[in-house]
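Here's a quick briefing to read alongside the model. Have the sequence and the 3D view open as you go.

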Amino acid sequence: MTATPTPRVTIKDVAARAGVSKGAVSLAFNHKPGLSEATRDRIFRAARELGWAPNLTARTLAGSRVDVVGLAVCRPARMLGLEPWYMEFVSGVESVLAEHSCSLLLRLVRNLDEEVGVQESWWRGRQIGGSILVDFRADDPRVGLVERLGMPVVAVGHPSLTGGLTSVWTDDATAVTEAVRYLAALGHRRIARVGGAAALGHTAIRTAAFDEAAGALAGAWQVATDFSGEAGARATRSLLTAAPPDRPTAIVYDNDVMAVAGLSVAAEMGLRVPADVSLLAWDDSQLCRLTHPTLSAMSHDVHGFGAEVARTLFGVISGDAGVGSHPVPTPVLTPRGSTAPPR
(Lines give C-alpha, C1' and ligand atoms only; values in the text may rest on other atoms or scores of the structure.)
Protein backbone atom coordinates (compact mmCIF):
# COMPACT_ATOMS: atom_id res chain seq x y z
CA MET A 1 0.00 0.00 0.00
CA THR A 2 1.42 3.36 -1.01
CA ALA A 3 1.40 6.07 1.66
CA THR A 4 -0.29 9.31 0.76
CA PRO A 5 2.35 12.09 0.66
CA THR A 6 1.92 14.94 3.13
CA PRO A 7 0.74 18.06 1.27
CA ARG A 8 3.44 20.71 0.96
CA VAL A 9 2.77 23.84 3.00
CA THR A 10 2.54 26.93 0.79
CA ILE A 11 2.44 30.68 1.25
CA LYS A 12 -1.33 30.44 0.74
CA ASP A 13 -1.59 28.19 3.83
CA VAL A 14 0.41 30.66 5.91
CA ALA A 15 -1.81 33.52 4.75
CA ALA A 16 -4.95 31.59 5.66
CA ARG A 17 -3.60 30.69 9.11
CA ALA A 18 -2.65 34.32 9.80
CA GLY A 19 -5.87 35.72 8.32
CA VAL A 20 -4.07 37.88 5.74
CA SER A 21 -3.43 37.93 2.01
CA LYS A 22 -0.50 36.18 0.28
CA GLY A 23 0.79 39.67 -0.51
CA ALA A 24 0.95 40.49 3.20
CA VAL A 25 3.02 37.33 3.86
CA SER A 26 5.38 38.38 1.10
CA LEU A 27 5.68 41.87 2.59
CA ALA A 28 6.49 40.41 6.01
CA PHE A 29 9.15 37.99 4.80
CA ASN A 30 10.77 40.54 2.51
CA HIS A 31 10.87 43.18 5.29
CA LYS A 32 8.75 45.65 3.32
CA PRO A 33 6.67 48.47 4.83
CA GLY A 34 2.90 48.42 4.95
CA LEU A 35 2.22 46.07 7.87
CA SER A 36 1.79 46.69 11.57
CA GLU A 37 4.16 44.93 13.98
CA ALA A 38 1.23 42.91 15.33
CA THR A 39 0.31 41.66 11.83
CA ARG A 40 3.95 40.91 11.00
CA ASP A 41 4.34 38.92 14.25
CA ARG A 42 1.11 37.01 13.54
CA ILE A 43 2.41 36.02 10.10
CA PHE A 44 5.74 34.82 11.49
CA ARG A 45 3.92 32.85 14.21
CA ALA A 46 1.69 31.17 11.60
CA ALA A 47 4.76 30.28 9.52
CA ARG A 48 6.46 28.73 12.58
CA GLU A 49 3.36 26.72 13.47
CA LEU A 50 3.12 25.35 9.92
CA GLY A 51 6.86 24.82 9.55
CA TRP A 52 7.02 27.05 6.47
CA ALA A 53 9.92 29.25 5.36
CA PRO A 54 10.69 31.13 2.14
CA ASN A 55 12.71 29.36 -0.53
CA LEU A 56 16.27 29.80 0.72
CA THR A 57 17.67 28.51 -2.58
CA ALA A 58 16.17 31.52 -4.32
CA ARG A 59 17.70 33.71 -1.64
CA THR A 60 21.14 32.18 -2.27
CA LEU A 61 20.83 32.58 -6.03
CA ALA A 62 19.93 36.22 -5.52
CA GLY A 63 23.32 36.74 -3.86
CA SER A 64 24.86 36.21 -0.43
CA ARG A 65 25.52 39.85 0.36
CA VAL A 66 24.93 40.73 4.01
CA ASP A 67 23.17 44.09 4.39
CA VAL A 68 21.93 43.88 7.99
CA VAL A 69 23.27 42.36 11.21
CA GLY A 70 21.03 41.91 14.25
CA LEU A 71 21.69 42.76 17.91
CA ALA A 72 19.02 42.31 20.59
CA VAL A 73 19.77 43.67 24.07
CA CYS A 74 17.79 42.93 27.23
CA ARG A 75 18.10 46.36 28.86
CA PRO A 76 15.68 49.23 29.51
CA ALA A 77 16.18 51.94 26.89
CA ARG A 78 17.04 54.57 29.49
CA MET A 79 19.71 52.41 31.12
CA LEU A 80 21.27 51.44 27.78
CA GLY A 81 21.68 55.10 26.91
CA LEU A 82 23.56 55.74 30.15
CA GLU A 83 25.90 52.73 29.98
CA PRO A 84 29.23 53.61 28.32
CA TRP A 85 30.16 49.95 27.71
CA TYR A 86 27.35 49.34 25.24
CA MET A 87 27.93 52.66 23.49
CA GLU A 88 31.62 51.78 22.98
CA PHE A 89 30.79 48.21 21.99
CA VAL A 90 28.22 49.27 19.37
CA SER A 91 30.68 51.88 18.10
CA GLY A 92 33.25 49.12 17.52
CA VAL A 93 30.70 46.90 15.79
CA GLU A 94 29.58 49.77 13.54
CA SER A 95 33.17 50.56 12.53
CA VAL A 96 33.42 47.13 10.88
CA LEU A 97 29.87 47.11 9.50
CA ALA A 98 30.61 50.40 7.73
CA GLU A 99 33.49 48.72 5.89
CA HIS A 100 31.00 46.18 4.54
CA SER A 101 28.27 48.76 3.77
CA CYS A 102 26.16 46.91 6.34
CA SER A 103 23.64 48.22 8.89
CA LEU A 104 22.94 47.22 12.48
CA LEU A 105 19.38 46.27 13.44
CA LEU A 106 19.18 46.98 17.19
CA ARG A 107 16.22 45.79 19.26
CA LEU A 108 15.64 46.17 23.00
CA VAL A 109 13.81 43.20 24.52
CA ARG A 110 12.30 42.56 27.94
CA ASN A 111 13.51 38.99 28.43
CA LEU A 112 15.16 36.00 26.74
CA ASP A 113 11.86 34.51 25.57
CA GLU A 114 11.10 37.70 23.68
CA GLU A 115 14.58 37.70 22.16
CA VAL A 116 14.19 34.11 20.95
CA GLY A 117 11.06 35.18 19.08
CA VAL A 118 12.74 38.28 17.69
CA GLN A 119 15.81 36.40 16.46
CA GLU A 120 13.69 33.73 14.78
CA SER A 121 11.47 36.35 13.13
CA TRP A 122 14.51 38.24 11.87
CA TRP A 123 16.06 35.11 10.38
CA ARG A 124 12.90 33.58 8.92
CA GLY A 125 11.89 36.99 7.60
CA ARG A 126 15.28 37.43 5.89
CA GLN A 127 15.78 40.71 7.72
CA ILE A 128 19.34 39.86 8.77
CA GLY A 129 22.33 37.95 7.46
CA GLY A 130 23.56 37.06 10.95
CA SER A 131 23.30 38.15 14.56
CA ILE A 132 25.38 39.13 17.59
CA LEU A 133 24.22 37.44 20.80
CA VAL A 134 25.09 39.04 24.15
CA ASP A 135 24.43 38.54 27.89
CA PHE A 136 24.44 34.75 28.03
CA ARG A 137 22.84 32.81 30.87
CA ALA A 138 23.35 29.22 32.00
CA ASP A 139 21.37 26.84 29.73
CA ASP A 140 20.70 29.72 27.35
CA PRO A 141 17.76 28.91 24.98
CA ARG A 142 19.35 30.85 22.12
CA VAL A 143 21.93 28.09 21.64
CA GLY A 144 19.25 25.57 20.66
CA LEU A 145 17.49 28.15 18.48
CA VAL A 146 20.62 28.89 16.48
CA GLU A 147 21.36 25.21 15.97
CA ARG A 148 17.79 24.56 14.80
CA LEU A 149 17.70 27.47 12.37
CA GLY A 150 21.26 27.14 11.07
CA MET A 151 21.59 30.85 11.72
CA PRO A 152 25.08 32.45 11.57
CA VAL A 153 25.89 34.15 14.88
CA VAL A 154 28.77 35.16 17.09
CA ALA A 155 28.27 34.73 20.83
CA VAL A 156 29.72 37.33 23.18
CA GLY A 157 30.45 35.21 26.22
CA HIS A 158 32.69 32.62 27.85
CA PRO A 159 32.72 29.26 26.00
CA SER A 160 31.28 27.55 29.10
CA LEU A 161 28.06 29.51 28.46
CA THR A 162 27.76 29.51 24.67
CA GLY A 163 27.23 25.82 23.91
CA GLY A 164 29.82 25.43 21.16
CA LEU A 165 28.79 28.56 19.22
CA THR A 166 31.61 30.69 17.85
CA SER A 167 32.37 33.04 20.73
CA VAL A 168 34.41 36.15 21.51
CA TRP A 169 35.14 36.69 25.19
CA THR A 170 37.30 38.24 27.88
CA ASP A 171 38.78 36.34 30.82
CA ASP A 172 36.70 37.92 33.58
CA ALA A 173 37.82 35.40 36.21
CA THR A 174 41.49 36.31 35.81
CA ALA A 175 40.65 40.02 35.86
CA VAL A 176 38.66 39.70 39.11
CA THR A 177 41.50 37.76 40.70
CA GLU A 178 43.97 40.46 39.68
CA ALA A 179 41.76 43.19 41.16
CA VAL A 180 41.44 41.41 44.52
CA ARG A 181 45.16 40.61 44.68
CA TYR A 182 46.05 44.22 43.89
CA LEU A 183 43.86 45.56 46.69
CA ALA A 184 45.16 42.91 49.08
CA ALA A 185 48.74 43.84 48.17
CA LEU A 186 47.92 47.44 49.16
CA GLY A 187 46.96 46.07 52.59
CA HIS A 188 43.15 45.79 52.27
CA ARG A 189 41.69 42.83 54.18
CA ARG A 190 38.01 43.76 53.95
CA ILE A 191 36.97 43.98 50.29
CA ALA A 192 33.48 44.16 48.77
CA ARG A 193 32.22 43.69 45.22
CA VAL A 194 29.16 45.42 43.78
CA GLY A 195 28.24 43.04 40.99
CA GLY A 196 25.80 43.00 38.09
CA ALA A 197 22.64 40.99 37.52
CA ALA A 198 23.05 37.59 39.18
CA ALA A 199 21.35 35.71 36.30
CA LEU A 200 23.98 36.75 33.77
CA GLY A 201 26.66 34.18 33.06
CA HIS A 202 29.57 36.60 33.22
CA THR A 203 28.31 37.90 36.59
CA ALA A 204 28.34 34.32 37.92
CA ILE A 205 31.89 33.84 36.64
CA ARG A 206 33.04 37.02 38.39
CA THR A 207 31.20 36.03 41.58
CA ALA A 208 32.91 32.64 41.74
CA ALA A 209 36.32 34.17 41.02
CA PHE A 210 35.85 36.81 43.73
CA ASP A 211 34.84 34.16 46.28
CA GLU A 212 37.98 32.18 45.52
CA ALA A 213 40.35 35.16 45.44
CA ALA A 214 38.93 36.70 48.61
CA GLY A 215 38.85 33.47 50.59
CA ALA A 216 41.84 34.37 52.76
CA LEU A 217 40.64 37.88 53.60
CA ALA A 218 39.29 38.96 56.97
CA GLY A 219 36.03 40.07 55.35
CA ALA A 220 34.48 39.84 51.87
CA TRP A 221 31.04 40.98 50.68
CA GLN A 222 29.20 40.71 47.34
CA VAL A 223 26.02 42.54 46.35
CA ALA A 224 24.09 41.85 43.11
CA THR A 225 22.53 44.80 41.22
CA ASP A 226 21.12 45.66 37.79
CA PHE A 227 24.23 47.66 36.72
CA SER A 228 22.44 51.00 37.16
CA GLY A 229 23.87 53.98 39.00
CA GLU A 230 20.90 53.96 41.38
CA ALA A 231 21.46 50.33 42.33
CA GLY A 232 25.20 50.92 42.68
CA ALA A 233 24.54 53.83 45.02
CA ARG A 234 22.15 51.78 47.17
CA ALA A 235 24.63 48.91 47.42
CA THR A 236 27.47 51.28 48.34
CA ARG A 237 25.38 53.01 51.00
CA SER A 238 24.46 49.64 52.51
CA LEU A 239 28.11 48.55 52.62
CA LEU A 240 29.44 51.79 54.07
CA THR A 241 26.83 52.34 56.77
CA ALA A 242 28.26 49.40 58.74
CA ALA A 243 30.71 50.33 61.48
CA PRO A 244 34.32 49.11 61.34
CA PRO A 245 35.39 46.32 61.33
CA ASP A 246 32.22 45.28 59.48
CA ARG A 247 32.75 47.93 56.81
CA PRO A 248 34.89 47.26 53.73
CA THR A 249 37.98 49.37 53.13
CA ALA A 250 37.83 48.70 49.36
CA ILE A 251 35.00 48.13 46.85
CA VAL A 252 35.20 46.66 43.35
CA TYR A 253 32.36 47.58 40.94
CA ASP A 254 31.20 45.60 37.91
CA ASN A 255 30.93 48.73 35.77
CA ASP A 256 32.02 52.35 35.78
CA VAL A 257 28.52 53.83 36.19
CA MET A 258 28.11 52.14 39.57
CA ALA A 259 31.64 53.14 40.62
CA VAL A 260 30.92 56.80 39.90
CA ALA A 261 27.69 56.51 41.91
CA GLY A 262 29.65 54.88 44.72
CA LEU A 263 32.13 57.76 44.75
CA SER A 264 29.24 60.19 45.21
CA VAL A 265 27.83 58.13 48.09
CA ALA A 266 31.20 58.10 49.86
CA ALA A 267 31.34 61.90 49.62
CA GLU A 268 27.74 62.18 50.85
CA MET A 269 28.67 60.10 53.91
CA GLY A 270 31.76 62.19 54.66
CA LEU A 271 34.18 59.39 53.73
CA ARG A 272 37.37 60.24 51.89
CA VAL A 273 38.43 58.32 48.79
CA PRO A 274 40.94 56.69 48.99
CA ALA A 275 41.88 57.53 52.61
CA ASP A 276 38.76 55.90 54.11
CA VAL A 277 37.70 53.60 51.29
CA SER A 278 39.32 52.61 47.97
CA LEU A 279 37.17 52.19 44.85
CA LEU A 280 37.93 50.19 41.70
CA ALA A 281 35.76 50.27 38.56
CA TRP A 282 35.34 47.93 35.61
CA ASP A 283 35.47 48.96 31.90
CA ASP A 284 37.36 52.28 32.29
CA SER A 285 35.34 54.68 30.14
CA GLN A 286 35.87 58.44 30.11
CA LEU A 287 33.72 58.59 33.26
CA CYS A 288 36.60 57.13 35.28
CA ARG A 289 38.92 59.93 34.22
CA LEU A 290 36.45 62.78 34.82
CA THR A 291 35.83 62.14 38.54
CA HIS A 292 37.79 63.53 41.46
CA PRO A 293 39.72 61.58 42.43
CA THR A 294 40.03 59.71 39.15
CA LEU A 295 38.87 56.10 39.40
CA SER A 296 41.23 53.15 39.26
CA ALA A 297 39.83 50.62 36.80
CA MET A 298 40.12 47.31 35.02
CA SER A 299 40.81 48.68 31.55
CA HIS A 300 40.11 47.04 28.21
CA ASP A 301 39.49 48.21 24.66
CA VAL A 302 35.71 47.92 24.41
CA HIS A 303 35.63 49.56 20.96
CA GLY A 304 38.21 47.06 19.72
CA PHE A 305 36.24 44.24 21.34
CA GLY A 306 33.12 45.24 19.39
CA ALA A 307 35.13 45.43 16.17
CA GLU A 308 36.53 41.92 16.77
CA VAL A 309 33.01 40.59 17.38
CA ALA A 310 31.81 42.04 14.05
CA ARG A 311 34.84 40.72 12.15
CA THR A 312 34.27 37.27 13.63
CA LEU A 313 30.61 37.33 12.59
CA PHE A 314 31.51 38.11 9.00
CA GLY A 315 33.95 35.22 9.16
CA VAL A 316 31.16 32.91 10.35
CA ILE A 317 28.84 34.10 7.57
CA SER A 318 31.49 33.60 4.89
CA GLY A 319 32.72 30.32 6.33
CA ASP A 320 36.20 31.70 7.00
CA ALA A 321 35.94 31.63 10.82
CA GLY A 322 36.10 28.20 12.37
CA VAL A 323 33.69 27.35 15.16
CA GLY A 324 35.40 27.88 18.49
CA SER A 325 36.37 30.50 21.03
CA HIS A 326 38.22 33.72 20.28
CA PRO A 327 39.60 35.22 23.52
CA VAL A 328 40.59 38.88 23.51
CA PRO A 329 43.09 40.47 25.92
CA THR A 330 42.15 40.28 29.60
CA PRO A 331 41.25 43.63 31.24
CA VAL A 332 44.36 45.24 32.72
CA LEU A 333 44.50 47.02 36.05
CA THR A 334 45.00 50.79 35.72
CA PRO A 335 45.69 52.36 39.16
CA ARG A 336 44.59 55.97 39.63
CA GLY A 337 43.64 58.24 42.51
CA SER A 338 40.79 56.20 43.99
CA THR A 339 42.92 53.38 45.41
CA ALA A 340 45.56 53.50 48.17
CA PRO A 341 46.63 51.49 51.23
CA PRO A 342 44.04 51.56 54.06
CA ARG A 343 44.63 53.87 57.02
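By class, how many nonpolar, polar and charged residues does the lining of the largest cavity have? The lining has 13 nonpolar, 6 polar and 7 charged residues. Keep in mind that this is a predicted model.

**The largest cavity**

- The count comes to 3 cavities of 30 Å³ or more, and the largest cavity holds about 410 Å³ of space.
- 26 residues line the largest cavity, and the closest to its centre are Trp85, Asp135, Asp172, His202 and Arg206.
- Two or more lining residues come from each of these elements: helix H6 (84-99), strand S5 (167-169), helix H9 (172-185), helix H10 (201-213) and strand S9 (278-283).
- H10 gives the largest share of that lining, at 3 residues.

**Where H1 meets H2**

- H1 packs against helix H2 (residues 22-29) at an angle of about 100°, and their axes are 8 Å apart.
- Angles of 65 to 115 degrees count as roughly perpendicular, so H1 and H2 fall into that class.
- On the H1 side the contact is made by Ile11, Lys12, Val14 and Ala15, and on the H2 side by Lys22, Val25 and Ser26.
- Sorted by class, the residues of this contact are 4 nonpolar, 1 polar and 2 charged.

**A look at Ile11**

- Ile11 sits in helix H1 (residues 11-18).
- With a relative accessible area of 28%, Ile11 is partly exposed.
- Leaving aside neighbours within four places in sequence, Ile11 is in contact with Lys22, Val25, Ser26 and Trp52.
- Ile11 and Arg45 lie 34 residues apart in sequence, and their C-alpha atoms are 13 Å apart in space.

Key
Residues are numbered from 1 along each chain as its sequence is written. This is a predicted model: local features need pLDDT of at least 70, side-chain atom pairs count only at pLDDT 80 or more; totals for chains, interfaces and linings use all residues. Side-chain values use heavy atoms; hydrogens and water are left out. Helices (H or I, at least four residues) and strands (E, at least two) are DSSP runs, numbered from the N terminus. Buried means under 20% relative accessible area, exposed over 50%, partly exposed in between (1.4 Å probe, protein chains only). Contact means heavy atoms within 4.5 Å. Axes are lines fitted to C-alpha atoms, for helices over the stretch in contact, and angles run from 0 to 180 degrees between N-to-C directions. Angles under 35 degrees count as roughly parallel, over 145 as roughly antiparallel, 65 to 115 as roughly perpendicular and the rest as oblique. Ala, Val, Leu, Ile, Met, Phe, Trp, Tyr, Cys and Pro count as nonpolar, Asp, Glu, Lys and Arg as charged, and the others, Gly among them, as polar. On a 1 Å grid over the protein atoms alone, a cavity is a set of points where a 1.4 Å probe fits but cannot get out, and a pocket is an open set with protein on both sides within 12 Å along at least five of seven lines; lining residues have an atom within 4 Å of a point. Grid points are joined across faces, edges and corners, and a volume is the space filled by probe spheres set on the points.
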